[in-house]
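These are my notes from a first pass through the structure. I looked things up one at a time and wrote each down as I went.

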Amino acid sequence: MSSGASRTPSDLDAIIVGAGHNGLVAACYLARAGLEVLVLERQPYIGGAAVSRRLYEDFTYSNCSYVCSLLRPEIIRTLELPKYGLQVIPYEGGCTMMQGGGHLALYDNHDALRREIARHSKRDAEAYDRYSRDVMRQCKFIKPLLMREPPDPTSFKPRDLKELLYLGKRFHGLGEERMYDTLRFWTMSAADFLDEYFESEIVKAHFAGSSIIGTALGPRSPGSAYVLLHHYMGDIDDTVGAWGFARGGMGAITKALGASFEGSGGAIRSAAPVAQILVRNGRASGVALADGEEIHAPLVISNLDVRRTFLDTMDAKDLPDEFLRQVKNFKIRGSSGKLNIALDGLPRFLDMLIPSQIDPTMVPDGKHYMSVFVQYCPYELADGPWDAAKRTAFGDTVINTIARHSPNFKELILHAEIRTPWDIENEVGLTEGNIFQGELTMDQLLFNRPVPGYAQYRAPVRGVYMCGSTTHPGGGVMGAPGANAARAVLRDLGRAH
Ligand SMILES: Cc1cc2nc3c(=O)[nH]c(=O)nc-3n(C[C@H](O)[C@H](O)[C@H](O)COP(=O)(O)OP(=O)(O)OC[C@H]3O[C@@H](n4cnc5c(N)ncnc54)[C@H](O)[C@@H]3O)c2cc1C
(Lines give C-alpha, C1' and ligand atoms only; values in the text may rest on other atoms or scores of the structure.)
Protein backbone atom coordinates (compact mmCIF):
# COMPACT_ATOMS: atom_id res chain seq x y z
CA MET A 1 0.00 0.00 0.00
CA SER A 2 1.37 3.41 -0.80
CA SER A 3 2.24 5.72 2.03
CA GLY A 4 0.97 9.20 2.74
CA ALA A 5 4.12 9.96 4.70
CA SER A 6 5.75 11.93 1.88
CA ARG A 7 2.93 14.45 1.79
CA THR A 8 3.22 17.71 3.60
CA PRO A 9 0.08 18.20 5.66
CA SER A 10 -0.96 21.31 3.75
CA ASP A 11 -1.15 19.27 0.52
CA LEU A 12 -4.24 17.49 1.59
CA ASP A 13 -7.79 18.51 0.71
CA ALA A 14 -9.52 15.56 2.36
CA ILE A 15 -8.93 12.65 4.71
CA ILE A 16 -11.13 9.58 4.52
CA VAL A 17 -11.31 7.60 7.75
CA GLY A 18 -11.59 3.90 6.82
CA ALA A 19 -10.86 1.98 3.63
CA GLY A 20 -14.13 0.06 3.45
CA HIS A 21 -15.62 -0.02 -0.03
CA ASN A 22 -17.66 3.14 0.64
CA GLY A 23 -14.63 5.06 1.89
CA LEU A 24 -12.77 4.01 -1.24
CA VAL A 25 -15.67 4.92 -3.56
CA ALA A 26 -15.86 8.39 -1.98
CA ALA A 27 -12.07 8.69 -2.24
CA CYS A 28 -12.12 7.75 -5.94
CA TYR A 29 -14.74 10.36 -6.84
CA LEU A 30 -12.96 13.09 -4.89
CA ALA A 31 -9.56 12.24 -6.39
CA ARG A 32 -11.05 12.20 -9.87
CA ALA A 33 -12.43 15.69 -9.21
CA GLY A 34 -8.86 16.83 -8.56
CA LEU A 35 -8.74 16.77 -4.75
CA GLU A 36 -5.68 15.56 -2.84
CA VAL A 37 -7.09 12.71 -0.79
CA LEU A 38 -5.56 10.45 1.85
CA VAL A 39 -7.36 7.32 3.04
CA LEU A 40 -6.45 6.11 6.54
CA GLU A 41 -7.24 2.50 7.42
CA ARG A 42 -6.98 0.94 10.85
CA GLN A 43 -6.16 -2.56 9.59
CA PRO A 44 -2.98 -3.50 7.72
CA TYR A 45 -5.23 -4.34 4.73
CA ILE A 46 -8.04 -2.45 3.00
CA GLY A 47 -11.64 -3.48 2.27
CA GLY A 48 -13.55 -3.46 5.58
CA ALA A 49 -16.33 -6.02 5.15
CA ALA A 50 -15.50 -6.43 1.43
CA VAL A 51 -12.20 -8.23 1.83
CA SER A 52 -10.40 -11.39 0.63
CA ARG A 53 -7.76 -12.86 2.91
CA ARG A 54 -5.52 -15.89 2.94
CA LEU A 55 -5.63 -17.35 6.43
CA TYR A 56 -4.85 -20.95 5.50
CA GLU A 57 -2.33 -22.07 2.86
CA ASP A 58 -3.36 -21.02 -0.65
CA PHE A 59 -7.06 -20.70 0.14
CA THR A 60 -8.62 -17.27 -0.33
CA TYR A 61 -11.65 -16.49 1.82
CA SER A 62 -14.26 -13.78 1.32
CA ASN A 63 -14.05 -13.22 5.05
CA CYS A 64 -17.24 -11.19 5.47
CA SER A 65 -19.40 -10.35 2.44
CA TYR A 66 -19.32 -13.11 -0.14
CA VAL A 67 -21.75 -12.36 -2.96
CA CYS A 68 -22.06 -9.33 -5.18
CA SER A 69 -25.11 -7.74 -6.77
CA LEU A 70 -25.78 -4.39 -5.17
CA LEU A 71 -22.65 -2.55 -6.38
CA ARG A 72 -24.08 0.20 -8.58
CA PRO A 73 -23.23 -0.31 -12.26
CA GLU A 74 -22.66 3.42 -12.74
CA ILE A 75 -19.92 3.25 -10.07
CA ILE A 76 -18.31 0.23 -11.74
CA ARG A 77 -18.29 2.11 -15.05
CA THR A 78 -17.18 5.54 -13.85
CA LEU A 79 -14.38 4.23 -11.66
CA GLU A 80 -13.33 1.78 -14.41
CA LEU A 81 -13.28 -1.16 -12.02
CA PRO A 82 -13.02 -3.85 -14.75
CA LYS A 83 -9.87 -2.10 -15.98
CA TYR A 84 -8.50 -2.49 -12.44
CA GLY A 85 -9.25 -6.20 -12.38
CA LEU A 86 -12.86 -6.52 -11.21
CA GLN A 87 -14.76 -9.38 -12.77
CA VAL A 88 -18.17 -10.49 -11.47
CA ILE A 89 -19.32 -13.99 -12.38
CA PRO A 90 -23.05 -14.71 -12.04
CA TYR A 91 -23.91 -17.75 -9.97
CA GLU A 92 -26.81 -19.93 -10.77
CA GLY A 93 -28.95 -21.91 -8.48
CA GLY A 94 -28.89 -22.86 -4.86
CA CYS A 95 -31.12 -24.76 -2.50
CA THR A 96 -33.35 -24.24 0.54
CA MET A 97 -33.56 -27.25 2.82
CA MET A 98 -36.18 -28.10 5.42
CA GLN A 99 -35.34 -29.84 8.68
CA GLY A 100 -37.77 -32.62 7.81
CA GLY A 101 -35.86 -33.40 4.63
CA GLY A 102 -37.73 -31.50 1.88
CA HIS A 103 -35.92 -29.07 -0.38
CA LEU A 104 -36.53 -26.34 -2.92
CA ALA A 105 -33.91 -26.14 -5.64
CA LEU A 106 -33.34 -22.69 -7.07
CA TYR A 107 -32.63 -22.03 -10.70
CA ASP A 108 -31.71 -18.96 -12.65
CA ASN A 109 -33.90 -20.15 -15.45
CA HIS A 110 -37.42 -18.85 -14.92
CA ASP A 111 -39.27 -21.90 -16.30
CA ALA A 112 -37.12 -24.33 -14.33
CA LEU A 113 -37.79 -22.41 -11.12
CA ARG A 114 -41.52 -22.34 -11.80
CA ARG A 115 -41.50 -26.11 -12.34
CA GLU A 116 -39.64 -26.58 -9.04
CA ILE A 117 -42.11 -24.36 -7.17
CA ALA A 118 -44.98 -26.29 -8.78
CA ARG A 119 -43.53 -29.46 -7.23
CA HIS A 120 -44.53 -27.94 -3.88
CA SER A 121 -47.63 -26.03 -4.94
CA LYS A 122 -49.17 -25.42 -8.38
CA ARG A 123 -50.91 -22.36 -6.99
CA ASP A 124 -47.56 -20.93 -5.84
CA ALA A 125 -46.03 -21.52 -9.27
CA GLU A 126 -48.89 -19.46 -10.74
CA ALA A 127 -48.35 -16.76 -8.09
CA TYR A 128 -44.60 -16.58 -8.67
CA ASP A 129 -44.84 -14.33 -11.74
CA ARG A 130 -47.18 -11.95 -9.93
CA TYR A 131 -44.77 -11.89 -6.95
CA SER A 132 -41.73 -11.21 -9.15
CA ARG A 133 -43.57 -8.47 -11.02
CA ASP A 134 -44.66 -6.73 -7.80
CA VAL A 135 -41.20 -6.93 -6.23
CA MET A 136 -39.59 -5.61 -9.41
CA ARG A 137 -42.10 -2.75 -9.44
CA GLN A 138 -40.96 -1.77 -5.95
CA CYS A 139 -37.32 -2.04 -7.06
CA LYS A 140 -38.05 0.21 -10.02
CA PHE A 141 -39.50 2.80 -7.67
CA ILE A 142 -36.60 2.72 -5.24
CA LYS A 143 -33.59 2.24 -7.51
CA PRO A 144 -33.37 5.82 -8.83
CA LEU A 145 -33.36 7.00 -5.20
CA LEU A 146 -30.24 5.03 -4.31
CA MET A 147 -27.78 7.42 -5.91
CA ARG A 148 -29.54 10.60 -4.71
CA GLU A 149 -29.20 12.62 -1.56
CA PRO A 150 -32.39 12.24 0.49
CA PRO A 151 -34.32 15.51 0.82
CA ASP A 152 -34.84 17.09 4.22
CA PRO A 153 -38.65 17.29 4.41
CA THR A 154 -38.49 20.15 6.94
CA SER A 155 -36.34 22.37 4.73
CA PHE A 156 -37.42 25.06 2.26
CA LYS A 157 -34.06 25.11 0.48
CA PRO A 158 -34.55 24.89 -3.31
CA ARG A 159 -32.56 21.65 -3.51
CA ASP A 160 -34.65 19.95 -0.82
CA LEU A 161 -37.88 21.16 -2.40
CA LYS A 162 -36.68 19.89 -5.79
CA GLU A 163 -35.79 16.48 -4.35
CA LEU A 164 -39.11 16.27 -2.48
CA LEU A 165 -40.89 17.09 -5.71
CA TYR A 166 -38.90 14.38 -7.49
CA LEU A 167 -39.87 11.87 -4.79
CA GLY A 168 -43.50 13.00 -4.90
CA LYS A 169 -43.62 12.76 -8.69
CA ARG A 170 -42.19 9.26 -8.71
CA PHE A 171 -44.62 8.22 -6.01
CA HIS A 172 -47.57 9.75 -7.84
CA GLY A 173 -46.36 8.11 -11.05
CA LEU A 174 -47.03 4.70 -9.48
CA GLY A 175 -50.77 5.24 -9.85
CA GLU A 176 -53.39 5.21 -7.11
CA GLU A 177 -53.47 1.49 -6.33
CA ARG A 178 -49.69 1.06 -6.37
CA MET A 179 -49.23 4.07 -4.09
CA TYR A 180 -51.21 2.24 -1.42
CA ASP A 181 -49.31 -0.98 -2.13
CA THR A 182 -45.96 0.78 -1.83
CA LEU A 183 -46.76 2.27 1.56
CA ARG A 184 -47.95 -1.12 2.79
CA PHE A 185 -44.85 -2.78 1.37
CA TRP A 186 -42.42 -0.44 3.12
CA THR A 187 -43.97 -1.07 6.50
CA MET A 188 -45.36 -4.62 6.48
CA SER A 189 -43.74 -7.88 7.52
CA ALA A 190 -42.23 -10.25 4.97
CA ALA A 191 -44.50 -13.02 6.31
CA ASP A 192 -47.66 -10.98 5.66
CA PHE A 193 -46.35 -9.97 2.24
CA LEU A 194 -45.50 -13.54 1.23
CA ASP A 195 -48.83 -14.86 2.57
CA GLU A 196 -50.51 -12.69 -0.07
CA TYR A 197 -48.88 -14.82 -2.79
CA PHE A 198 -47.82 -18.24 -1.55
CA GLU A 199 -49.19 -21.16 0.47
CA SER A 200 -46.25 -23.57 0.60
CA GLU A 201 -44.07 -23.25 3.72
CA ILE A 202 -40.83 -24.02 1.91
CA VAL A 203 -41.51 -21.47 -0.83
CA LYS A 204 -42.29 -18.82 1.78
CA ALA A 205 -39.27 -19.84 3.87
CA HIS A 206 -37.02 -19.44 0.86
CA PHE A 207 -38.21 -15.95 -0.06
CA ALA A 208 -38.34 -14.88 3.60
CA GLY A 209 -34.60 -15.66 3.89
CA SER A 210 -33.65 -12.30 2.35
CA SER A 211 -35.93 -10.44 4.75
CA ILE A 212 -33.89 -11.30 7.84
CA ILE A 213 -30.31 -11.13 6.53
CA GLY A 214 -28.24 -8.75 8.61
CA THR A 215 -31.09 -7.68 10.82
CA ALA A 216 -32.37 -8.57 14.27
CA LEU A 217 -35.89 -8.64 12.80
CA GLY A 218 -37.79 -11.86 12.22
CA PRO A 219 -39.91 -12.49 9.11
CA ARG A 220 -43.00 -11.55 11.11
CA SER A 221 -41.57 -8.19 12.20
CA PRO A 222 -43.13 -5.12 10.57
CA GLY A 223 -40.61 -3.62 8.13
CA SER A 224 -39.00 -6.92 7.13
CA ALA A 225 -40.61 -6.81 3.64
CA TYR A 226 -38.35 -3.84 2.89
CA VAL A 227 -35.25 -5.78 3.95
CA LEU A 228 -36.30 -8.48 1.48
CA LEU A 229 -36.44 -5.83 -1.24
CA HIS A 230 -32.99 -4.50 -0.32
CA HIS A 231 -31.57 -7.82 -1.54
CA TYR A 232 -33.32 -7.55 -4.93
CA MET A 233 -32.10 -4.07 -5.79
CA GLY A 234 -28.91 -5.04 -7.54
CA ASP A 235 -28.17 -6.60 -10.87
CA ILE A 236 -25.48 -8.56 -12.65
CA ASP A 237 -25.07 -7.98 -16.37
CA ASP A 238 -28.47 -6.25 -16.48
CA THR A 239 -30.28 -9.17 -14.81
CA VAL A 240 -32.19 -7.48 -12.01
CA GLY A 241 -32.00 -9.22 -8.63
CA ALA A 242 -29.19 -11.56 -9.83
CA TRP A 243 -26.16 -12.25 -7.61
CA GLY A 244 -22.62 -13.22 -8.50
CA PHE A 245 -19.12 -13.82 -7.22
CA ALA A 246 -16.32 -11.30 -7.57
CA ARG A 247 -13.44 -13.31 -9.04
CA GLY A 248 -10.85 -13.64 -6.28
CA GLY A 249 -13.45 -12.93 -3.57
CA MET A 250 -15.11 -9.71 -2.46
CA GLY A 251 -11.69 -8.19 -1.81
CA ALA A 252 -11.38 -7.95 -5.59
CA ILE A 253 -13.89 -5.09 -5.44
CA THR A 254 -11.92 -3.08 -2.90
CA LYS A 255 -8.64 -3.99 -4.56
CA ALA A 256 -9.97 -2.54 -7.83
CA LEU A 257 -11.29 0.53 -5.99
CA GLY A 258 -7.91 1.00 -4.30
CA ALA A 259 -6.11 0.74 -7.63
CA SER A 260 -8.57 3.12 -9.31
CA PHE A 261 -8.05 5.61 -6.47
CA GLU A 262 -4.25 5.37 -6.65
CA GLY A 263 -4.52 5.64 -10.44
CA SER A 264 -6.13 9.06 -9.85
CA GLY A 265 -3.26 10.12 -7.60
CA GLY A 266 -4.77 9.21 -4.24
CA ALA A 267 -2.83 7.68 -1.34
CA ILE A 268 -3.84 4.99 1.14
CA ARG A 269 -2.17 4.50 4.47
CA SER A 270 -3.03 1.22 6.17
CA ALA A 271 -2.32 0.24 9.79
CA ALA A 272 -3.18 3.85 10.62
CA PRO A 273 -6.05 3.88 13.15
CA VAL A 274 -7.70 7.25 13.60
CA ALA A 275 -8.27 8.05 17.27
CA GLN A 276 -9.82 11.50 16.92
CA ILE A 277 -11.33 13.78 14.31
CA LEU A 278 -9.87 17.19 15.10
CA VAL A 279 -12.06 20.28 15.23
CA ARG A 280 -10.71 23.80 15.39
CA ASN A 281 -12.83 26.95 15.50
CA GLY A 282 -15.96 24.93 14.84
CA ARG A 283 -14.73 23.12 11.74
CA ALA A 284 -12.74 20.03 10.78
CA SER A 285 -8.99 20.44 10.84
CA GLY A 286 -7.78 16.85 10.39
CA VAL A 287 -7.28 13.73 12.47
CA ALA A 288 -5.06 12.38 15.22
CA LEU A 289 -3.89 8.80 14.84
CA ALA A 290 -3.77 6.39 17.77
CA ASP A 291 0.00 6.97 18.10
CA GLY A 292 -0.52 10.71 18.44
CA GLU A 293 0.50 11.75 14.91
CA GLU A 294 -1.69 14.56 13.58
CA ILE A 295 -2.59 14.87 9.90
CA HIS A 296 -4.30 18.05 8.80
CA ALA A 297 -6.92 18.61 6.11
CA PRO A 298 -9.99 20.84 5.90
CA LEU A 299 -12.31 17.92 5.10
CA VAL A 300 -12.70 14.67 7.05
CA ILE A 301 -15.04 12.02 5.68
CA SER A 302 -15.84 9.08 7.92
CA ASN A 303 -16.50 5.57 6.63
CA LEU A 304 -17.31 4.47 10.19
CA ASP A 305 -20.82 3.97 11.45
CA VAL A 306 -22.57 6.94 13.00
CA ARG A 307 -21.93 5.83 16.58
CA ARG A 308 -18.22 5.22 16.09
CA THR A 309 -17.82 8.47 14.17
CA PHE A 310 -19.47 10.73 16.68
CA LEU A 311 -19.26 8.91 20.02
CA ASP A 312 -15.79 7.36 19.67
CA THR A 313 -13.77 9.66 17.40
CA MET A 314 -15.24 13.08 18.11
CA ASP A 315 -15.38 15.21 21.19
CA ALA A 316 -18.93 15.59 22.60
CA LYS A 317 -18.27 19.30 23.20
CA ASP A 318 -18.05 19.82 19.43
CA LEU A 319 -21.51 18.35 18.78
CA PRO A 320 -25.06 19.44 19.63
CA ASP A 321 -26.64 17.52 22.55
CA GLU A 322 -29.78 16.66 20.61
CA PHE A 323 -27.72 15.26 17.74
CA LEU A 324 -25.72 13.11 20.16
CA ARG A 325 -28.92 11.84 21.76
CA GLN A 326 -30.19 10.72 18.35
CA VAL A 327 -26.86 9.13 17.46
CA LYS A 328 -27.05 7.07 20.66
CA ASN A 329 -30.57 5.97 19.67
CA PHE A 330 -29.53 4.73 16.22
CA LYS A 331 -30.14 0.97 16.24
CA ILE A 332 -27.15 -1.20 15.35
CA ARG A 333 -27.87 -4.76 16.45
CA GLY A 334 -25.63 -7.68 15.64
CA SER A 335 -27.33 -10.83 14.45
CA SER A 336 -24.98 -12.64 12.06
CA GLY A 337 -21.95 -14.91 12.18
CA LYS A 338 -19.87 -16.44 9.42
CA LEU A 339 -17.81 -19.55 8.78
CA ASN A 340 -15.19 -19.75 6.04
CA ILE A 341 -14.21 -23.34 5.45
CA ALA A 342 -11.32 -24.82 3.45
CA LEU A 343 -12.33 -28.20 2.06
CA ASP A 344 -10.24 -31.05 0.74
CA GLY A 345 -12.84 -31.72 -1.96
CA LEU A 346 -16.48 -31.20 -2.87
CA PRO A 347 -18.96 -32.46 -0.24
CA ARG A 348 -21.58 -34.98 -1.33
CA PHE A 349 -25.34 -34.35 -1.16
CA LEU A 350 -24.91 -30.74 -0.44
CA ASP A 351 -25.58 -27.50 -2.16
CA MET A 352 -24.12 -24.72 -0.05
CA LEU A 353 -22.37 -21.58 -1.20
CA ILE A 354 -19.11 -22.90 -2.61
CA PRO A 355 -17.59 -20.01 -4.60
CA SER A 356 -14.66 -22.18 -5.74
CA GLN A 357 -17.04 -24.17 -7.97
CA ILE A 358 -17.30 -21.06 -10.14
CA ASP A 359 -14.06 -19.30 -9.22
CA PRO A 360 -11.20 -21.82 -8.95
CA THR A 361 -8.68 -19.00 -8.41
CA MET A 362 -9.62 -19.01 -4.72
CA VAL A 363 -8.25 -22.49 -3.95
CA PRO A 364 -5.46 -24.93 -4.82
CA ASP A 365 -6.28 -27.54 -7.50
CA GLY A 366 -9.02 -29.98 -6.49
CA LYS A 367 -9.83 -28.17 -3.24
CA HIS A 368 -12.86 -26.05 -2.35
CA TYR A 369 -13.89 -23.04 -0.30
CA MET A 370 -17.28 -22.87 1.40
CA SER A 371 -18.82 -19.64 2.67
CA VAL A 372 -21.47 -20.06 5.37
CA PHE A 373 -23.43 -17.01 6.48
CA VAL A 374 -25.25 -17.77 9.72
CA GLN A 375 -28.27 -16.19 11.21
CA TYR A 376 -29.27 -15.66 14.03
CA CYS A 377 -26.04 -15.38 15.90
CA PRO A 378 -26.58 -12.80 18.65
CA TYR A 379 -24.00 -10.27 19.79
CA GLU A 380 -25.20 -10.55 23.38
CA LEU A 381 -25.35 -14.04 24.84
CA ALA A 382 -27.57 -14.98 27.76
CA ASP A 383 -24.61 -16.37 29.74
CA GLY A 384 -22.08 -13.57 29.31
CA PRO A 385 -19.75 -12.35 26.57
CA TRP A 386 -18.33 -14.38 23.68
CA ASP A 387 -15.07 -16.22 24.42
CA ALA A 388 -12.92 -18.80 22.62
CA ALA A 389 -14.93 -21.78 23.93
CA LYS A 390 -18.23 -20.23 22.86
CA ARG A 391 -16.80 -19.41 19.43
CA THR A 392 -15.76 -23.06 19.01
CA ALA A 393 -19.19 -24.25 20.17
CA PHE A 394 -20.85 -21.93 17.63
CA GLY A 395 -18.62 -23.34 14.85
CA ASP A 396 -19.42 -26.92 15.92
CA THR A 397 -23.16 -26.23 15.85
CA VAL A 398 -22.94 -24.89 12.29
CA ILE A 399 -20.67 -27.71 11.09
CA ASN A 400 -22.87 -30.40 12.70
CA THR A 401 -25.96 -28.87 11.12
CA ILE A 402 -24.36 -28.96 7.66
CA ALA A 403 -23.06 -32.49 8.26
CA ARG A 404 -26.64 -33.70 8.81
CA HIS A 405 -27.20 -33.04 5.10
CA SER A 406 -23.78 -34.12 3.85
CA PRO A 407 -22.28 -37.40 5.05
CA ASN A 408 -18.62 -36.72 4.15
CA PHE A 409 -18.54 -33.02 5.02
CA LYS A 410 -16.60 -33.18 8.30
CA GLU A 411 -13.84 -35.38 6.83
CA LEU A 412 -13.19 -32.76 4.16
CA ILE A 413 -12.58 -29.83 6.51
CA LEU A 414 -8.98 -28.59 6.43
CA HIS A 415 -9.49 -25.28 8.20
CA ALA A 416 -12.37 -23.13 9.37
CA GLU A 417 -12.42 -19.44 10.18
CA ILE A 418 -15.21 -18.94 12.72
CA ARG A 419 -16.50 -15.41 13.06
CA THR A 420 -18.97 -14.35 15.73
CA PRO A 421 -20.58 -10.88 15.76
CA TRP A 422 -17.96 -10.00 18.40
CA ASP A 423 -15.13 -10.96 15.99
CA ILE A 424 -16.73 -8.99 13.17
CA GLU A 425 -17.04 -5.94 15.44
CA ASN A 426 -13.44 -6.13 16.58
CA GLU A 427 -11.87 -6.83 13.24
CA VAL A 428 -14.01 -4.87 10.79
CA GLY A 429 -15.24 -2.18 13.16
CA LEU A 430 -18.91 -2.92 12.44
CA THR A 431 -20.67 -2.14 15.72
CA GLU A 432 -22.15 -5.37 17.19
CA GLY A 433 -21.13 -7.00 13.90
CA ASN A 434 -24.26 -5.52 12.26
CA ILE A 435 -23.57 -6.03 8.57
CA PHE A 436 -25.36 -2.88 7.41
CA GLN A 437 -23.81 -0.38 9.87
CA GLY A 438 -27.31 -0.02 11.33
CA GLU A 439 -30.71 -1.67 10.96
CA LEU A 440 -32.56 -1.12 7.69
CA THR A 441 -35.89 -0.34 9.30
CA MET A 442 -38.33 2.33 8.15
CA ASP A 443 -37.40 4.56 11.12
CA GLN A 444 -33.77 4.49 9.90
CA LEU A 445 -34.21 4.88 6.14
CA LEU A 446 -34.11 7.73 3.63
CA PHE A 447 -34.22 11.12 5.43
CA ASN A 448 -34.07 9.41 8.82
CA ARG A 449 -30.74 7.63 8.08
CA PRO A 450 -28.74 7.94 10.23
CA VAL A 451 -30.26 10.89 12.09
CA PRO A 452 -33.23 13.09 11.09
CA GLY A 453 -31.89 16.39 9.81
CA TYR A 454 -28.46 14.86 9.08
CA ALA A 455 -29.26 12.43 6.27
CA GLN A 456 -27.33 14.42 3.67
CA TYR A 457 -23.88 13.06 4.57
CA ARG A 458 -22.94 16.26 6.42
CA ALA A 459 -22.23 16.28 10.16
CA PRO A 460 -23.16 19.19 12.44
CA VAL A 461 -19.49 20.28 12.28
CA ARG A 462 -18.41 21.99 9.05
CA GLY A 463 -16.00 19.92 7.02
CA VAL A 464 -17.00 16.60 8.63
CA TYR A 465 -18.95 14.15 6.44
CA MET A 466 -20.21 10.56 6.66
CA CYS A 467 -19.85 8.11 3.76
CA GLY A 468 -20.45 4.63 5.23
CA SER A 469 -23.38 2.24 5.04
CA THR A 470 -24.78 3.99 8.12
CA THR A 471 -26.06 6.64 5.65
CA HIS A 472 -28.67 6.45 2.84
CA PRO A 473 -29.30 4.01 1.16
CA GLY A 474 -27.69 1.67 3.69
CA GLY A 475 -25.50 -1.41 3.75
CA GLY A 476 -24.37 -4.12 1.43
CA VAL A 477 -21.54 -3.75 -1.03
CA MET A 478 -23.35 -1.06 -3.01
CA GLY A 479 -21.04 1.94 -3.03
CA ALA A 480 -23.97 4.36 -3.21
CA PRO A 481 -23.34 6.00 0.21
CA GLY A 482 -19.71 6.66 -0.77
CA ALA A 483 -20.67 8.14 -4.15
CA ASN A 484 -23.47 10.27 -2.67
CA ALA A 485 -21.19 11.57 0.09
CA ALA A 486 -18.52 12.54 -2.44
CA ARG A 487 -21.16 14.42 -4.44
CA ALA A 488 -22.24 16.30 -1.28
CA VAL A 489 -18.60 17.27 -0.59
CA LEU A 490 -18.05 18.44 -4.15
CA ARG A 491 -21.27 20.41 -4.16
CA ASP A 492 -20.19 22.20 -0.97
CA LEU A 493 -16.88 23.00 -2.68
CA GLY A 494 -18.74 24.34 -5.68
CA ARG A 495 -17.47 21.52 -7.92
CA ALA A 496 -19.93 19.22 -9.62
CA HIS A 497 -19.14 15.58 -10.39
C1 LIG B 1 -20.45 -11.47 7.65
C2 LIG B 1 -20.93 -10.49 6.62
C3 LIG B 1 -21.49 -10.94 5.43
C4 LIG B 1 -21.96 -10.04 4.48
N5 LIG B 1 -22.42 -10.50 3.27
C6 LIG B 1 -22.69 -9.61 2.28
C7 LIG B 1 -22.86 -10.06 0.94
O8 LIG B 1 -22.73 -11.25 0.64
N9 LIG B 1 -23.14 -9.12 -0.01
C10 LIG B 1 -23.23 -7.79 0.27
O11 LIG B 1 -23.49 -6.97 -0.64
N12 LIG B 1 -23.02 -7.32 1.54
C13 LIG B 1 -22.73 -8.20 2.53
N14 LIG B 1 -22.42 -7.76 3.79
C15 LIG B 1 -22.57 -6.32 4.09
C16 LIG B 1 -21.46 -5.47 3.51
O17 LIG B 1 -20.26 -6.20 3.49
C18 LIG B 1 -21.27 -4.19 4.34
O19 LIG B 1 -22.52 -3.55 4.52
C20 LIG B 1 -20.34 -3.23 3.64
O21 LIG B 1 -19.17 -3.90 3.19
C22 LIG B 1 -19.96 -2.08 4.55
O23 LIG B 1 -19.10 -1.24 3.83
P24 LIG B 1 -18.67 0.20 4.36
O25 LIG B 1 -17.64 0.70 3.44
O26 LIG B 1 -19.89 1.04 4.54
O27 LIG B 1 -18.08 -0.04 5.81
P28 LIG B 1 -16.91 -1.08 6.39
O29 LIG B 1 -16.74 -2.16 5.42
O30 LIG B 1 -17.39 -1.35 7.75
O31 LIG B 1 -15.64 -0.16 6.35
C32 LIG B 1 -15.22 0.62 7.44
C33 LIG B 1 -13.70 0.66 7.42
O34 LIG B 1 -13.24 1.55 8.43
C35 LIG B 1 -12.12 0.95 9.07
N36 LIG B 1 -11.99 1.56 10.39
C37 LIG B 1 -12.74 1.34 11.49
N38 LIG B 1 -12.32 2.12 12.50
C39 LIG B 1 -11.29 2.85 12.03
C40 LIG B 1 -10.45 3.85 12.60
N41 LIG B 1 -10.60 4.26 13.87
N42 LIG B 1 -9.47 4.40 11.83
C43 LIG B 1 -9.29 4.01 10.53
N44 LIG B 1 -10.06 3.07 9.96
C45 LIG B 1 -11.06 2.50 10.68
C46 LIG B 1 -12.47 -0.52 9.11
O47 LIG B 1 -11.33 -1.33 9.35
C48 LIG B 1 -13.06 -0.69 7.72
O49 LIG B 1 -12.07 -0.97 6.77
C50 LIG B 1 -21.88 -8.64 4.74
C51 LIG B 1 -21.28 -8.18 5.92
C52 LIG B 1 -20.80 -9.09 6.86
C53 LIG B 1 -20.14 -8.57 8.10
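**Entry 1: a loop and two cis bonds**

I began with Tyr376, which is found in the loop between β17 (368-375) and α13 (388-403). Helices here are DSSP runs of H or I with at least four residues, strands are runs of E with at least two, and both are numbered from the N terminus. The peptide bond from Gln375 to Tyr376 is cis, with omega near 0 degrees. I then looked up a cis peptide bond that joins His472 and Pro473, where omega is about 5 degrees. Pro473 sits in the loop between β19 (464-466) and α16.

I noted the terms of the model before going on. It is a predicted model, in which local features need pLDDT of at least 70, side-chain atom pairs count only at pLDDT 80 or more, and totals for chains, interfaces and linings use all residues. Residues are numbered from 1 along each chain as its sequence is written.

**Entry 2: positive phi**

I looked up Gln437, which is not a glycine but has a positive phi of about 50 degrees. Gln437 is in the loop between α15 and β19. Is Gln437 buried or exposed? Gln437 counts as buried because it has 33 C-beta neighbours inside 10 Å. The rule I used places C-beta atoms from the backbone and calls a residue buried if 20 or more other C-beta atoms lie within 10 Å of its own, exposed if 12 or fewer, and partly exposed in between.

Leu446 is also not a glycine, and its phi is positive at about 50 degrees. Its place is in the loop between α15 and β19. Leu446 counts as partly exposed because 17 C-beta neighbours lie inside 10 Å.

Gly334 is in the loop between α12 (321-329) and β16. Gly334 is buried, since 23 other C-beta atoms lie within 10 Å. I checked what it meets, taking two residues as in contact if their C-beta atoms, placed from the backbone, lie within 7 Å. Leaving aside neighbours within four places in sequence, the contacts of Gly334 include Pro378, Tyr379, Glu425 and Asn434. Gly334 and Ile435 are 101 residues apart along the chain, and their C-alpha atoms are separated by 7.6 Å.

Asp238 is in the loop between β8 (235-236) and β9 (239-240). Asp238 counts as exposed because it has 7 C-beta neighbours inside 10 Å. From Asp238 to Trp186 I read 52 residues in sequence and 25 Å in space, C-alpha to C-alpha.

**Entry 3: domains**

The domain assignment gives domain 1 (14-88 + 246-329 + 439-493), domain 2 (92-234) and domain 3 (336-431). Such bounds come from an automatic or database domain assignment. The C-alpha centres of domain 1 and domain 2 are 28 Å apart. How many residues of domain 1 are in contact with domain 2? I found 24 residues of domain 1 in contact with 19 residues of domain 2. On the domain 1 side, the largest share is 4 residues, from helix α16 (residues 480-492).

**Entry 4: nonpolar cores**

I took a nonpolar core as a set of buried Ala, Val, Leu, Ile, Met, Phe, Trp, Tyr and Cys residues joined through C-beta atoms within 7 Å. The largest core has 116 residues, and Ile15 and Ile253 touch the most other members. Helix α1 (residues 21-32) gives the largest share of this core, 8 residues. Apart from it lies another core of 14 residues, among them Met362 and Val372.

**Entry 5: around the ligand**

Which residues come nearest? Of the 38 residues around the ligand, Gly18, Gly20, Gly48, Ser65 and Gly429 come nearest. The elements that give two or more residues to this shell are α1, β16 (336-343) and α15 (421-428). α1 gives the most, with 3 residues. The ligand lies between domain 1 and domain 3, because both give residues to the shell around it.

How values were computed: Near = placed C-beta within 6 Å.
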